[in-house]
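Subject: Structure for you to look at

Hello,

Here is the structure I promised to pass on. Please open it alongside this note, and my findings follow below.

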Amino acid sequence: MTDAMHIVLDETAMTAAGQGNVLASRLIHRAHAEAGWYLYAPACALVEAGRARPGTAEHLAAMPGVTVLDLDLPAALAVARQASWAAAHSQFAAQPTVDRPDGAVIATTAPKRWEGEPVRVLDLNP
């Protein structure tokens with residue numbers, strides 16, 4: 001287990017950040033200011049957040065503490081098997097990788113959506 005904190009923002013967390021959600025804002029601040037904190041914005045979730053709240057995608061993509069995850073071939077194959085591209089890309093991004101051996105936590109304002117899925121969840125509801 002590593003000391004680094006890896007967090008994937010789903011589209012609900014991204015939209016909440018754009019609406020001033022305090023917990024989402026704290027995550028963004030920590031990822032920018034503290035070593036060992038990493039925030040990821042899967043491209044498909046970023047698109048959905050931008051559709052739900054125009055300007056959100058551009059704003060998050062411009063933040064230095066947020067890493068946008070491209071839809072590469074392995075991610076595209078995972079997304080193709082699911083109904084929601086945003087949720088599928090977020091779930092794929094949270095799986096363990098060489099860079100994130102323990103995987104990542106999904107930050108969300110819709111934690112029930114992730115029940116029964118093999119992911120860890122951080123509820124951003126106040």
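A question to start with: is H6 buried or exposed? H6 counts as buried, because its relative accessibility is 9% (buried means under 20% relative accessible area, exposed over 50%, partly exposed in between, with a 1.4 Å probe and protein chains only).

Before the rest, a note on how to read the values. This is a predicted model, in which local features need pLDDT of at least 70 and side-chain atom pairs count only at pLDDT 80 or more, while totals for chains, interfaces and linings use all residues. Residues are numbered from 1 along each chain as its sequence is written, and side-chain values use heavy atoms, with hydrogens and water left out.

Surroundings of H6

H6 sits in strand β1; helices (H or I, at least four residues) and strands (E, at least two) are DSSP runs, numbered from the N terminus. The side chain of H6 makes a polar contact of 2.8 Å with that of Y40. A polar contact here is a pair of N or O atoms within 3.5 Å; within protein, one must be able to donate a hydrogen and the other to accept it, and residues adjacent in sequence count only if both atoms are side-chain atoms. Neighbours within four places in sequence aside, H6 is in contact (heavy atoms within 4.5 Å) with Y38, Y40, D99, R100, G103, A104 and V105.

The sheet

The strands form an open sheet of 5, in the order β3-β2-β1-β4-β5 and with parallel pairing; two strands pair if DSSP finds at least two bridges between them. On average, neighbouring strands are turned by 35° against each other, direction ignored. β4 (residues 105-108) runs parallel to β5 and is joined to β5 by 4 bridges, and I106 stands opposite V121 in β5.

Helix α2 lies across β1, β2, β4 and β5, at about 115° to β2. Helix α3 packs on the sheet as well, touching β1, β2 and β3, and its direction makes about 70° with that of β2. For these angles, axes are lines fitted to C-alpha atoms, for helices over the stretch in contact, and angles run from 0 to 180 degrees between N-to-C directions.

The cores

A nonpolar core is a set of buried Ala, Val, Leu, Ile, Met, Phe, Trp, Tyr and Cys residues joined through side-chain atoms within 4.5 Å. The largest one has 22 residues, and M14, L27, L39 and A107 have the most contacts inside it. Its largest share, 4 residues, comes from α2. M14 touches L9, A41, P42, A45, L46, A49, T56 and L60, not counting residues up to four places away in sequence. Another core, of 10 residues, lies apart from the largest one and includes Y40, A94, W114 and V119.

Helix α5

In α5 (residues 73-80), A75, A78 and V79 are buried. They cover an arc of only 100° around the axis, which puts them on the same side of α5; the arc is that of the directions from the helix axis to the C-beta atoms. The buried residues of α5 pack against α6 (85-93), whereas the face turned away from them carries the exposed residues L73 and A80. At the N-terminal end, D72 caps α5, with a side-chain oxygen 3.0 Å from the backbone nitrogen of A75.

Regards
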